[in-house]
Amino acid sequence: MRRVSSGVWLVLALLLLWEVSARTGLVDSPNWPPLTRVIAVLGRDIVSGELPLLVGSTLARMFTGLAAGTVAGVSFGLLFGASRLARLVLGPTVELLRPIPIPAVIPPLVLFLGLDNGMKITVGAVTAFFPVLTNTAQGLRAVEADQIAMARTFGVPAWRRLSRVTLPAILPYVLAGLRVALALTLVTTVVAEMIAGEQGIGHYLVLMQFAGRAEEMYAAVLVLAFLGYALNRGFVVMERRLIGWFFATGREG
Amino acid sequence: MTDITRRAALGAAIAAPLAAPALRAQALTKMRVSVIPVLDVAPLHAAIAQGYFAAEGIEIDTSTTAGGATGLPGLVAGQFRAVFSNGVSTLLGVREGLEFRFIAAASRAMPQPPDILAVLARKGGGIRTGKDLEGKRLASNTRNNIVWLRGMAWVEKTGGDWRKVNTIEVPFPQMADALANGQVDACVSSEPFVTAALQSHGEKIERIGWPLSETAPGGTNAHYVGIAPDLAKSGDLFDRFARGLHKGVDWVNERRGRPELIELIANFSRVPAERLKDVALPAYPKEITPAEIDELVATMQRYGLSGRYPTGASLLHRTAQA
């Protein structure tokens, strides 16, 4: 409890510093408006419905990409974990592609996928794919061999072993990957919106920056900060419910 | 049975008038155009707002990209039918073998100041000319575009060696801060950022030059660009596009300095109207002359963007010619 409140104090202190530095002329630029003016604009644009609409469209794209990337990541992760051949053939490619910063490949993606939802959702999906893939593969290796052997001894058929033993056992690892993917996908979806097309909070942010409307721009930044925080908190709650047993065994997520 | 037929007939009777406007809307040819939210594209937005394109049977879908350079690559990829682009970027693509053609003019430098580009420097910083900038840092929004090119020409025109000036890429919205805080020694800025910078940092920074009208008065600036195979295939569509756009040009030119134009620009750029009152506008021409493209190519050759370029005349689609 104490840790939480001291963290909140630091956030409040930083926000106060923002307000004071802008009001006193410590930082003197139209690109550094006082926080209170940003909040006023934020309230206005939420009530007018402009920001909720933009955020909604960004979230829809993000979650579609995340879902697609997660399904693909888990599938390939299982393949990697299960087949040595797949690991040997695909491993180097994955290891080469994984570190590429997604924003760097957006121009070629525009070439193949255009500027609309298809491209932005793909960016999100590719972002989510790699952390989920590596965690799934790692999880599969960490599943205790005894569990599988026991299931086999009891004559549990292969598909049932997958759905009843293996998948639940790797779930904590998949969720850990998903949590990383969640934060990254929000970032890259917004970046894709900033680069191309007229969609979402990312495009709004750049448009406002170029229109010299710093209050609106920071309002969008605040929304994104809150969104990232809320998504992560929501995810942690969901994780505790889904795999409470994992934490109950004394391990940390 | 009769009940169902009656209901179907009733449904059809209700649906028919509702469907009629939808059918008419479908008759409009959709055309996607890449733009950036700058003053130069006012005629396009005027033509959309005034229904000039609709009258030509076209529905323009603008894709505004403030930051990135997705316009010309998107044209190559077939994402756009037409792209608003500065002349230097277009010609660099042409040099690389891409079949860009000019469909229409977008903006041109005014014959004398004020115009849309300005060199800004710190007051009392001792920088007045290109000569003073040798060994110093000059900000441009991007290298190898029209802003950079006219900036280099200004450096040379005012006695400096452009090779000795360090160009740094700074986005337009951040230039005033970078200049006021000493991170750069001068910048080549564009409207409406020039006016905004002088309003917000007027006690610290000042305008020392007009790169467009001092080096290329009336020189070409930006255009609408298409790609040759598409222009050959859909010539009629581009004829209609140019007609609609030209009416937009007339609308804008008839309203220079009037509140309707400011309101139009404020609407698409989202820049508050009160900040646009003192903004300088470019000239809004309709046609492009081969000579102005040749002048631009010659200037590019002079500032290191050398190579083989086709003649200006061969790059003008019929809609761009007088």
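How many residues of chain A are in contact with how many residues of chain B?

## Contact between the chains

In this predicted model, the contact involves 21 residues of chain A and 20 residues of chain B. On the side of chain A that touches chain B, at least two residues each are supplied by helix 5 (106-113), helix 8 (158-195) and helix 9 (200-210) of chain A. Helix 9 of chain A provides the largest share of that side, with 5 residues.

By residue class, the side of chain A that touches chain B comprises 13 nonpolar, 6 polar and 2 charged residues.

## Domains of chain B

Chain B is assigned two domains: domain 1 covers 29-109 + 218-320, and domain 2 covers 117-215. Taken over C-alpha atoms, the centres of domain 1 and domain 2 of chain B are separated by 25 Å.

## Contact between the domains of chain B

Domain 1 of chain B brings 20 residues to the contact between the domains, and domain 2 of chain B brings 13 residues. On the side of domain 1 of chain B that touches domain 2 of chain B, the elements giving two or more residues are helix 5 (87-95), strand 10 (220-227) and helix 13 (290-302) of chain B. Helix 5 of chain B accounts for the largest share of this side, namely 4 residues.

The residues on the side of domain 1 of chain B that touches domain 2 of chain B are made up of 12 nonpolar, 6 polar and 2 charged.

Notes:
Residues are numbered from 1 along each chain as its sequence is written. Chains are lettered from A and ligands numbered from 1 in the order in which they are written. This is a predicted model: local features need pLDDT of at least 70, side-chain atom pairs count only at pLDDT 80 or more; totals for chains, interfaces and linings use all residues. Domain bounds come from an automatic or database domain assignment. Two residues are in contact if their C-beta atoms, placed from the backbone, lie within 7 Å. Ala, Val, Leu, Ile, Met, Phe, Trp, Tyr, Cys and Pro count as nonpolar, Asp, Glu, Lys and Arg as charged, and the others, Gly among them, as polar.
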